[in-house]
Amino acid sequence: MSLHIFRSIFAAAATIAAAVAFSWPEVAAQTPTSGDVTVLPVQGAVSVLFGPGGPNNSTSANITVQASEDAVVLVDTGREDASGQFIAAIRRISTRPVRFIINTQAGRDHTGGNEALSLSGRPYGGRAAGAGFLLPGAADGATIIAHEHVLAVLSGLRGSPAVPFRAHPTETYFAPEHELFNHEAIQIFHEPAALTDGDSVVFFRRSDVISAGDVFSTVTYPRIDPRAGGTVNGTISALNHIIDLAIPREKQEGGTYIIPGHGRIADEADVVEYRDMIVIIRDRVQDLMTKGRTLDQIKAAKVPFDYDRRYSKPEWTGEQFVESIFATLPRTTNSASR
Ligand SMILES: [Zn+2]
């Protein structure tokens, strides 16, 4: 609906600000931790919060925080039971209100804090209201933006139980690309048929930081869910898209930083390595399928053996990853999609 209106208002304000001379507000991250939550400045206006357990072990998704002098934008909200710690950690970065929350997917490790973190902020409105869109109520929280398929899952239309109404996305998008503004262009890309049919990748253009959601992880195999519209080839396409958007470190100072859904801050070379790993395992599965092997035979062949030590986790094993690849590759004996 009216996000383009927000965008043009913000854009006009930004043009004036840019004429004055632009500088990011100071990131007030004196102490790196808040409770068990770790705060780390990434680049430009963007920081990341790692949930309890740290970047390599947290069961909560990473939260991306973009802070301008007016507002805070979040990508994902982590696990519900860590919400209080996340709110305290965001306050250390900025005292400005949370205005927008972008959900990269529907998983509860990414959306569990939607209600609490949204209510800790407020929707965009106030002084610029009156231009034909509703002035939100004072009790409303920050605007939650997601692909429309995420709303379908969270509101119970896809078979899983509905979450509380206040945790639902309040703005959905359905186009391949969506944009908003908080002192920099923030592009939201729909990655169709990646882990699910509702994954988003978020690009903070001026800060040169990409928040990848679970399409990219430094600690797990991609958790492709074929029943939710996920496919291995769509996941590879989404990673290729991130690689296209990113600039390597040697070409530009710092280069593009990529925040994975889980794990440590990465650069383009890390995403290339992860993409290559998936392509290698997919090709091994495809090869065995072309030879007519059954799923059980392919599982017995221990296809991802050389990557399991790094990426296989009890909650999403190499074998489950192979099953998800098998389920989404074409079953003909002479097709090798590359
Ligand atoms: Zn996740």
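**Stop one: a pair of strands**

Select Ile258 and then Ala266, its bridge partner in β14. The two strands here, β13 (residues 257–262) and β14, run antiparallel and are joined by two bridges. Strands are DSSP runs of E with at least two residues, helices are runs of H or I with at least four, and both are numbered from the N terminus. Two strands count as paired if DSSP finds at least two bridges between them.

A word on the model: it is predicted, so local features need pLDDT of at least 70, side-chain atom pairs count only at pLDDT 80 or more, and totals for chains, interfaces and linings use all residues. Residues are numbered from 1 along each chain as its sequence is written.

**Stop two: the whole sheet**

Now show β9-β10-β11-β12-β13-β14, the order of an open six-stranded sheet with mixed pairing. β9 (177–181) and β14 (266–267) are at the edges with a single partner strand each, so one side of each has no neighbour in the sheet.

**Stop three: helix α6**

Select residues 232–245, helix α6, which lies across β10, β11, β12 and β13. Which residues of α6 are buried? They are Val232, Gly234, Thr235, Ala238, Leu239 and Ile242 (buried: 20 or more other C-beta atoms within 10 Å of a residue's own, with C-beta atoms placed from the backbone).

How values were computed:
Two residues are in contact if their C-beta atoms, placed from the backbone, lie within 7 Å. Axes are lines fitted to C-alpha atoms, for helices over the stretch in contact, and angles run from 0 to 180 degrees between N-to-C directions. A residue is buried if 20 or more other C-beta atoms lie within 10 Å of its own, exposed if 12 or fewer, and partly exposed in between; C-beta atoms are placed from the backbone.
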